[in-house]
Amino acid sequence: MNQVEHIAANLYNRYRIFYGQTIDEMKLHKLLYLLQREALNLYHQPLFKEPLIGWVHGPVSLEVRSIFYRIEDFSIPISLQTEMLIDSVLKQYGNRQSIDLCHLTHQEISWRNSRKSMCKNEIGTKPLKMSDIVKDAKRIKPFDTDWGCFFEEHADVGR
């Protein structure tokens, strides 16, 4: 399993390649959440073990927050499978505004459950439960950005 800092650094660098600009910190955290959700959906295992915390504007990795301004120092090679997952999430969500991703994560069971019994603007200290992220993952259909179809439609190719 990868460390979240390594995934974030690779996501940070892939974003720059895709969009020709630097990713902002809020967007990076939301894309990390979406990567974790996609990994659970496709591979039935988490991409990283470190928790995401339910902050006001959505899930946040405290580990990544602490290294954001020197994130490039954490870039190490990752598996091709992980790189393809990052590329897929970037193609699906990378061009969206940070605030839109914030609103998207606010619809997720995992974030809402981490915010129960908290004031609206309270920072938050509760981690998103992996079991709740699994529930979020079950609600989505994995999309193959290279082929432009849902993964379940691949079975139709031979028919």
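The following legends describe close-up views of a predicted model of one protein chain.

**Figure 1. Overall arrangement of the protein chain.**
This is a predicted model, in which local features need pLDDT of at least 70 and side-chain atom pairs count only at pLDDT 80 or more, whereas totals for chains, interfaces and linings use all residues. Residues are numbered from 1 along each chain as its sequence is written, and side-chain values use heavy atoms, with hydrogens and water left out. The protein chain has seven helices and four strands; helices (H or I, at least four residues) and strands (E, at least two) are DSSP runs, numbered from the N terminus. Along the sequence, these elements follow the pattern α-α-β-β-α-α-α-α-α-β-β. Of the 159 residues in the protein chain, 47% are buried; buried means under 20% relative accessible area, exposed over 50%, and partly exposed in between (1.4 Å probe, protein chains only). Among contacts (heavy atoms within 4.5 Å) between residues at least 6 apart in sequence, 74% join residues at least 24 apart.

**Figure 2. Packing of helix H2 against helix H4.**
Two packed helices are described by the angle between their axes and the distance between the axes. The axes of H2 (residues 25-43) and H4 (residues 80-93) come within 10 Å and cross at roughly 120°. Axes are lines fitted to C-alpha atoms, for helices over the stretch in contact, and angles run from 0 to 180 degrees between N-to-C directions. H2 and H4 are therefore oblique to each other; angles under 35 degrees count as roughly parallel, over 145 as roughly antiparallel, 65 to 115 as roughly perpendicular and the rest as oblique. Their crossing is right-handed; a crossing is left-handed if the near helix is turned anticlockwise from the far one by less than a right angle, and right-handed if clockwise. On the H2 side, the contact is formed by Leu31, Leu34, Leu35, Arg37, Glu38, Ala39, Leu42 and Tyr43, which meet Gln81, Leu85, Ile86, Val89, Leu90, Gln92 and Tyr93 in H4. The residues of this contact comprise eleven nonpolar, two polar and two charged; Ala, Val, Leu, Ile, Met, Phe, Trp, Tyr, Cys and Pro count as nonpolar, Asp, Glu, Lys and Arg as charged, and the others, Gly among them, as polar.

**Figure 3. Packing of helix H2 against helix H5.**
H2 and H5 (residues 98-106) pack with their axes 9 Å apart, at an angle of about 40°. The two helices, H2 and H5, are therefore oblique to each other, and their crossing is left-handed. Met26, Lys27, Lys30, Leu31, Tyr33 and Leu34 of H2 meet Ser98, Ile99, Leu101, Cys102, Leu104 and Thr105 of H5. By class, eight nonpolar, two polar and two charged residues take part in the contact of H2 with H5.

Leu35 is found in helix H2 and counts as buried, at 0% relative accessibility. Not counting residues up to four places away in sequence, Leu35 touches Ile7, Leu11, Leu47, Leu85, Ile86 and Val89. The C-alpha atoms of Leu35 and Ala8 are 9.9 Å apart in space, and the two residues are 27 residues apart in sequence. Thr82 has its place in helix H4 and is likewise buried, at 5% relative accessibility. Leaving aside its neighbours within four places in sequence, Thr82 is in contact with Asn2, Ile7 and Leu47. The side chain of Thr82 also makes a polar contact with the side chain of Ser79 (2.9 Å); a polar contact is a pair of N or O atoms within 3.5 Å, where, within protein, one must be able to donate a hydrogen and the other to accept it, and residues adjacent in sequence count only if both atoms are side-chain atoms.

Asn41, in helix H2, counts as buried at 13% relative accessibility. Its side chain reaches the backbone oxygen of Ala137 at 2.6 Å. Ile133 is placed in helix H7 and is buried, with a relative accessible area of 3%. Apart from its neighbours within four places in sequence, Ile133 is in contact with Tyr33, Gln36, Arg37, Leu40, Ser110 and Leu128. Ile133 and Leu40 are 93 residues apart along the chain, and their C-alpha atoms are separated by 7.8 Å.

Although His44 is not a glycine, its phi is positive, at about 60°. His44 lies in the loop between H2 and strand S1 (53-55) and counts as exposed, at 66% relative accessibility. Ser117, not a glycine, has a positive phi of about 60°. The loop between helix H6 (109-114) and helix H7 (130-138) contains Ser117, which is exposed, with a relative accessible area of 73%.
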